[in-house]
Amino acid sequence: MIETHDLTKKYGELYAIRSIDLKLEQGDLFGFIGPNGAGKTTTMRIIATLLEPSWGEAYVCGISYQKPKEIRRLVGYMPDFFGVYDDMKVIEYLEFFAAAYRIRGEERRRRCNEMLEVVDLDFKRNAFANTLSRGQTQRLGLARVLLHDPQVLLLDEPLSGLDPRARIEMRNLLRRLGKMGKTIIVSSHILPELADICNKIGIINNGVMEVNASISDVIKQVREQALLNIGVDGDMDPAARLLRESELVDHVEIADGRLAVTLKKQVEDYSELASLLVGKGFRLQHFAEEQVNLEAAFMALTKGSGVKI
C-alpha cells in the first residue's frame, strides 16, 4: 500500500530526511515516532504528494508520487494543525468538503452522516465548528479526510494537545479504522501514545530512520530469552528441580511466590513445560510469559542514537 525507496529531502546542505525506506501493507497501523523536527511531517507530506523529494521514490498502491491526482484519490491527510470555518456547523463543514470531493446529492448526505457516526460526533452535527473542544475538532478533521473513503490515512500528531479522555477516544478510533482495512501512518513524539495500538513502529531522528520494524520483531531484538512466570500449588522446590532438568530451560529462580523460569536463547515453544509439570502431578495456578516493556525495548534499541521517546 505504501512503499518508499531511498526517500530524501534536502534544503541546501540540510537533510530533512535521508534515505527513508518504508513498506506497509493493507491494514498496517504504523506508529511514526520522533522528536519535533525529526522528519515525520516531511515524509508524510511527500507521500501525500504535497512536497517533492530531492531524490528517491514513494508509491501509494503502486502509484508513484509523480502522479499526484491519482494518489490524492487514495489518501486522506490530516496535518498537525488545521483550522475550521467559524460560521459553519459541523454537518455543513463536512458537506462543504464532500462537495469538494465531488460527492453529490443523496450520496453526500449519506456519507457525511456515516462519518459523523464513525468518529462519534453525530451529537454535535448542528453545533458550530468553532465551539468544539480540541478532541472533537480532531475527530471532525478525521471525519473530513474519511469522506472520500481513502485506502491510506496520513495523520500528523492527531493526539497532540488532547486531554487524557480524548486521547483514549482517539486511540480507540484508530484501532477501529485499522480493523476496517485502512493503512494508517500516525505520527507522535511520545512513544506510549502509539505503542499499544500499532503493529509496526518507526523511530526517526535527524531525518534518519533509527528503528523500522514490527512490534514483535522489536521485542525479539531486545530479548533473546523468554521469561516465564509459573505458579504451582504447594512446595515449589520440587517443581523448580524438575524444570531445571528440561533442555528448554536456562535457569530457574523462586521469587515472590512464583517460579521465574528463563528459557534458553531462541526457544519460542515452551508448551511442553506445562505438560511436564501437570504430568508430574503439579497443579498450575499461573503460567505466562512476562511481557517486555515496549518503551524500555525502544530505549535499548536506540541507546546512543539521541532519540528521545
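A nonpolar core is a set of buried Ala, Val, Leu, Ile, Met, Phe, Trp, Tyr and Cys residues joined through side-chain atoms within 4.5 Å. In this predicted model, the largest such core has 49 residues, and the members that touch the most others are Y93, L94, L140, L142, L155, L177 and V186. Helix α3, residues 90–100, gives this core its largest share, six residues.

Leaving aside neighbours within four places in sequence, V186 is in contact with L29, F30, G31, F32, L155, P158, L174, L194 and C198. Another core lies apart from the largest one; it has 26 residues, including F32, M44, Y65 and V75.

The chain as a whole can now be described. The protein chain has eleven helices and 14 strands. Its C-alpha trace spans about 75 × 50 × 30 Å along the principal axes. Of its 309 residues, 49% count as buried. Among contacts with a separation of 6 or more, 68% are between residues 24 or more positions apart.

The chain is divided into domain 1, covering 2–213, and domain 2, covering 227–289. The C-alpha centres of these two domains lie 46 Å apart. One pair of residues also gives a sense of distance: E245 and L173 are 72 residues apart in sequence, and their C-alpha atoms are 48 Å apart in space. E245 is found in the loop between α9 (237–244) and β12 (249–255). Because its relative accessible area is 66%, E245 counts as exposed.

The surface comes next. The protein chain exposes about 15,600 Å², of which carbon and sulfur atoms supply 46%.

Two loop residues deserve a look at the backbone. Most residues other than glycine have a negative phi. D149 is not a glycine, yet has a positive phi of about 55 degrees. This residue, D149, is found in the loop between α5 (134–146) and β7 (152–155). E157 likewise has a positive phi, of about 50 degrees, although it is not a glycine. The loop that holds E157 runs between β7 and α6 (164–179).

Are these two residues buried or partly exposed? D149 counts as partly exposed because its relative accessibility is 45%, a value between the 20% and 50% cut-offs. E157 counts as buried because its relative accessibility is 8%, and buried means under 20%.

Methods. Residues numbered from 1 in each chain as written. Predicted model: local features only at pLDDT ≥ 70, side-chain atom pairs only at ≥ 80, totals over all residues. Heavy atoms only, no water. Helix = DSSP H or I, 4+ residues; strand = E, 2+ residues; numbered from the N terminus. Buried < 20%, exposed > 50% of the residue type's maximum accessible area, 1.4 Å probe, protein only. Contact = heavy atoms within 4.5 Å. Areas by Shrake-Rupley, 256 points an atom, 1.4 Å probe, with all protein chains shown as cover. Domains from an automatic or database assignment.
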